[in-house]
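Keep the structure in view while reading.

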Amino acid sequence: MTSKNLQKKLKDLPKKPGVYLFRDKQGKIIYIGKALVLKNRVSSYFHQKHHDPKTEELAQNIADLKYVVVNSELEALLLEARLIKQHEPKYNISQKDSKSYLYIVIGKDFPERVFTARWTELNQPLSAWYGPFPSSAEAKQILSTLRRIFPFRSCKTLPKSPCLYRHLGLCPGVCLSPKGYSVLIRRINLILSGKTKNLIASLEKEMKSAAKAMKFEEAQTLKNQVNALKSLTEGGWRSVPKEKQDRSKAVLELRKLLVKYQGSDPIILNKIEGYDVSNLGSEVIVGSQVVFIDGEPDSSLYRKYNLKFNQLSQDDPLGIKNILLRRLNHPEWVFPQLILIDGGKTQVSAAFVALKEKGKSLFWA
């Protein structure tokens, strides 16, 4: 039986994202949670039937509640983690072994490494750590989202040459030069500390100063960061357009094909390249290269190959071989995990010939 005061609070709950705190009869915080829609989530504890035993016990001990409205689910996630760390509520800890929660960690040694770790792994020098995050998947998604705005180092040991993350724009290449990296880390700290609005105001000020000084490229970069952060704070960090959903499904299907026919799963297809040959008359033979990075087309990496100097007549398999030979002459281009060939067995066989000549080993389809 809920009190009249609690019933009124439940009735007045807003349909907005936020964090809720449950208290027992002694006024002690016993559970902290987040919600995309506070009214729906909090009300479910009192109206939904067939709770599991632990949730049923929690619901019976709720005497009062408090909530904090935020602008987005991302803000709710970060606030939930900070409050759980501060109050250590009984039912947050008992529902899951607290040692298995993930934390977002920033190392102490420069250039600072940003990564996720469990409580038992926090035995090294740290600059800062945030959490615990009840959902490991959400903690990782937060870092994945932030990394596209402010690239950071995640490797345990600095490589001697730029890694794949550097080529994908997800690491600033601190192994080459750490210049400006402290600024990136400071901005990441502000976001994880719940000070995104302050960061946006600071970036907008820097953007105006850069534009005034006619540093237009720098101003554009700052503008892109501001727009991305505003999207996060306005609730758009999880929304995925249908076109992107379709591409993600296509990548998943490609992985299934590799498992079926190659007997191996690359797990993550960071880079995919596709090749085709077009015969536009007897003298015009053109090859095309398209590239997908993390499931997204990257037109800046598209290439067109004029094959009339490589072959005297129309021959699709030979055309595929020549395209691949020319492409593999560029070791500075990051190699993909998967190459797609438009054609039948003869075209694929020709691609394998090129691969063998260059001594490369990739997944093919």
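## Overall make-up

The protein chain contains 13 helices and twelve strands. The model is a predicted one. Of the 365 residues in the chain, 40% are buried.

Among the contacts in the chain with a separation of 6 or more, 59% are between residues 24 or more positions apart. The accessible surface of the chain is about 20,800 Å², and carbon and sulfur atoms account for 52% of that area.

## Strand β1 and its two partners

Strand β1 covers residues 18–23, and five of its six residues are buried. β1 runs antiparallel to strand β2 (residues 29–35), and six bridges join the two. One of the links can be located by residue: arginine 23 has isoleucine 29 in β2 as its bridge partner. The hairpin of β1 and β2 has five residues between the strands, and in this hairpin glycine 27 takes a positive phi near 85°.

β1 also pairs with strand β3 (residues 64–69), again in the antiparallel sense, over six bridges. Here phenylalanine 22 has leucine 65 in β3 as its bridge partner. Strands of a sheet pair through backbone hydrogen bonds, and the pairing can be parallel or antiparallel.

## A three-stranded open sheet

Another group of three strands forms an open sheet in the order β5-β4-β6, with antiparallel pairing. Its edge strands are β5 (114–118) and β6 (126–133), each of which pairs on one side only. On average, neighbouring strands of this sheet are turned by 25° against each other, direction ignored.

Strand β4 (residues 102–107) is joined to β6 by five bridges, and the two run antiparallel. Within this pair, leucine 102 has phenylalanine 133 in β6 as its bridge partner. Helix α8 (residues 181–192) packs on the sheet and touches β4, β5 and β6. The direction of α8 makes about 150° with that of β4.

In soluble globular proteins, nonpolar side chains tend to be buried together. The largest nonpolar core in this chain has 35 residues, and those with the most contacts inside it are Ile142, Phe150, Leu192 and Leu229. Elements that each supply at least two residues of this core include the strands β4 and β6 and the helices α4 (73–87), α6 (136–149), α9 (196–212) and α10 (216–233). Helix α8 gives the largest share, six residues.

Which residues does phenylalanine 150 touch, not counting residues up to four places away in sequence? They are Leu184, Arg187, Ile188, Ile191, Leu199, Leu203, Gln225 and Leu229. A second, separate core has 15 residues, among them Leu6, Leu10, Phe22 and Ala35.

Helix α3 spans residues 53–60, and its buried residues are Thr55, Leu58 and Ala59. Seen down the axis of α3, these buried residues fall within an arc of 100°, so they line one face of the helix.

Which exposed residues are on the face of α3 turned away from its buried side? That face carries Pro53 and Gln60.

Conventions
Residues are numbered from 1 along each chain as its sequence is written. This is a predicted model: local features need pLDDT of at least 70, side-chain atom pairs count only at pLDDT 80 or more; totals for chains, interfaces and linings use all residues. Side-chain values use heavy atoms; hydrogens and water are left out. Helices (H or I, at least four residues) and strands (E, at least two) are DSSP runs, numbered from the N terminus. Buried means under 20% relative accessible area, exposed over 50%, partly exposed in between (1.4 Å probe, protein chains only). Contact means heavy atoms within 4.5 Å. Accessible areas come from the Shrake-Rupley method with a 1.4 Å probe; for residues, only the protein chains shown count as cover. Two strands pair if DSSP finds at least two bridges between them. Axes are lines fitted to C-alpha atoms, for helices over the stretch in contact, and angles run from 0 to 180 degrees between N-to-C directions. A nonpolar core is a set of buried Ala, Val, Leu, Ile, Met, Phe, Trp, Tyr and Cys residues joined through side-chain atoms within 4.5 Å. The arc is that of the directions from the helix axis to the C-beta atoms.
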